[in-house]
Amino acid sequence: MSPENAATAAKLNITAGNRSKTVEMIVTGVLIACSLVAILVTVGIVFSLLFESLRFFERVPMSEFLFGTKWSPQTALRADQVAADGAFGAVPLITGTLLISFIAMCVATPLGLFSAIYLSEYASKRTRDWVKPLLEILAGIPTVVYGFFAALVVAPMLRSTGESVGLNVSSESALAAGLIMGVMIIPLISSLSDDVINAVPQSLRDASLGLGSTDSETIRNVILPAAIPGIAGSLLLAASRAIGETMIVVMAAGLAANLTANPLEAVTTITAQIVALLTGDQEFDSAKTLSAFALGLLLFIVTLILNVISLKIVNKYREQYD
Amino acid sequence: MNNIVTEMSGAASVQNKPAVNKAPIFTAKNVDVYYGAKQALDKINLDIPRNKVTSLIGPSGCGKSTFLRCLNRMNDLVDICRVEGDIQLEGQDIYAPEVDVVALRQHVGMVFQKPNPFPKSIYDNIAYGPRIHGLTSSKSELDDIVEWSLQRAGLWKEVSDRLQEPGTGLSGGQQQRLCIARAIAVRPEVILMDEPCSALDPIATATIEELIDELREKFTIVIVTHSMQQAARVSQRTAFFHLGNLVETGATKTLFTSPEDERTQNYITGRIG
């Protein structure tokens, strides 16, 4: 360093830059505010669900709601009206939801999982490049389209097929709604499972193939065992999506609260009932309207639990090979 | 596939006789390898002698690993890879259409750069190959193979009391010996090793090198290595690759003390690398 430089060094300005710190602070503030809005709204919704549900449980005991097997939420406008006492047993709704979700999972699990295995292990890069986006288009179809497809195409088809073999199929059957809902969640399962399978290190495939395993032996003995926790997580996530799905069931499953395990009969679901309870003009403080909040809370708790469990599983699995 | 199997067992019985089979186990003639449009290997001619350790050396990207992976067709897994020329194992073209790569890889095993035990128990890691190939008919036979393989890989004393613990819980050097044990459990004729010590510390490396020296009694070994010292320590034959060409091949001692080609000379003295 020359003496000249040494002299100027003392004047180096390191205390006040020419760009304002306030800009940084404003930016930070805006960003925080934006994320706060989302959080606060969520918290608000949860609390509203909670308090309205509490108001509902003042009128209808929680035990009746959770364990009652009769659902007919008509309340009387006049004391002498027929069916004056509403019945708020959510069990037929819960079983209907589970039945349809179960059918959907029966359709989507094999189809989604096998297409994920095909895409990640067998398909050439070129096939993969156009099949994967195509599968993901399925995820982009609005659920209302799936809904009327189920109600107007699949349900009548099932009905006529059923009649031809002597089965009595309801025109709004759990089967029609479940099948189409299954198709809807295929891309969810296939794309999550595909990620999980791809996360299994290539070195394990090499090891297995290098020992003289076939592709299918490698998949069964090495890849699937390593990927199974993640796949389970993706299935749970898909199940929670199926349970919360609304449009398809509103249009294809109907509103008859039957307590049945027969997929050919009409059933109703929690989501379809919430829609039915709140469409049209309603008194805001009747038990009928308030029951929608209780159903919403129930649904929220179930899907929240499923989501938390599945995300935990998926994340735990991801860490394993990092 | 049957051809390969009968040929192999024939070869094995030849090996047991005192008369040593002098014919090379692998012969490669005019082997070209392309990745897409890029040529990775150019007209490679190389014989791999039986029951010896052959090391493939050369700077990064010279094609030595590519050549190694041609020998058990692991290159098949790379979509854009194309192999031309003739590679024969015991006189059979391994790229012939009737060859079953699964059967081929049973005879030509592989140990990889990074230890890659399965996330299973030590026992199941070793038993994996014998199980898929149906080599055993009873549990006790399988137990014997597991013990034999671990003995051979010098790991038995360290793990015999914890065979049911996960293989991934072992140290790096132990994991690599586990992988070697796993490879020899299917009784291959040839073991390919792709820089087997590059992820290991010097002590674990020394153990593996001793092991390689013992293994050549029973197996033919081809090893890719970055370390010239390692090549000099473990191998009897060395092949030097440079920019996709096989520059020089010969007895390890000769190649390191009096190389014929200037490029070999430059590489072993550290001028190219």
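The legends below describe close-up views of a predicted model. Local features require pLDDT of at least 70 and side-chain atom pairs pLDDT 80 or more, whereas totals for chains, interfaces and linings use all residues. Residues are numbered from 1 along each chain as its sequence is written, and side-chain values use heavy atoms, without hydrogens and water.

**View 1. The interface of chain A and chain B.** Chain A contributes 18 residues and chain B 20 residues to the contact (heavy atoms within 4.5 Å). About 1500 Å² is buried between the chains, 62% of it from carbon and sulfur atoms; buried area is the accessible area (1.4 Å probe) lost when two parts are put together, summed over both.

**View 2. Polar and charged pairing between chain A and chain B.** The interface has 0 salt bridges (a side-chain nitrogen of Lys or Arg within 4 Å of a carboxyl oxygen of Asp or Glu). For polar contact, the count is 5 residue pairs, both residues at pLDDT 80 or more (a pair of N or O atoms within 3.5 Å; within protein, one must be able to donate a hydrogen and the other to accept it, and residues adjacent in sequence count only if both atoms are side-chain atoms).

**View 3. Domain 1 against domain 2 in chain A.** An automatic or database assignment sets the domain bounds, with domain 1 at 21-59 and domain 2 at 87-320 of chain A. Their C-alpha centres lie 30 Å apart. Domain 1 of chain A gives 10 residues to the contact and domain 2 of chain A gives 11 residues. Together they bury about 980 Å², 79% of it on carbon and sulfur atoms. L49(A), E52(A) and F56(A) supply 53% of the area buried by domain 1 of chain A against domain 2 of chain A.

Key:
Chains lettered and ligands numbered in written order.
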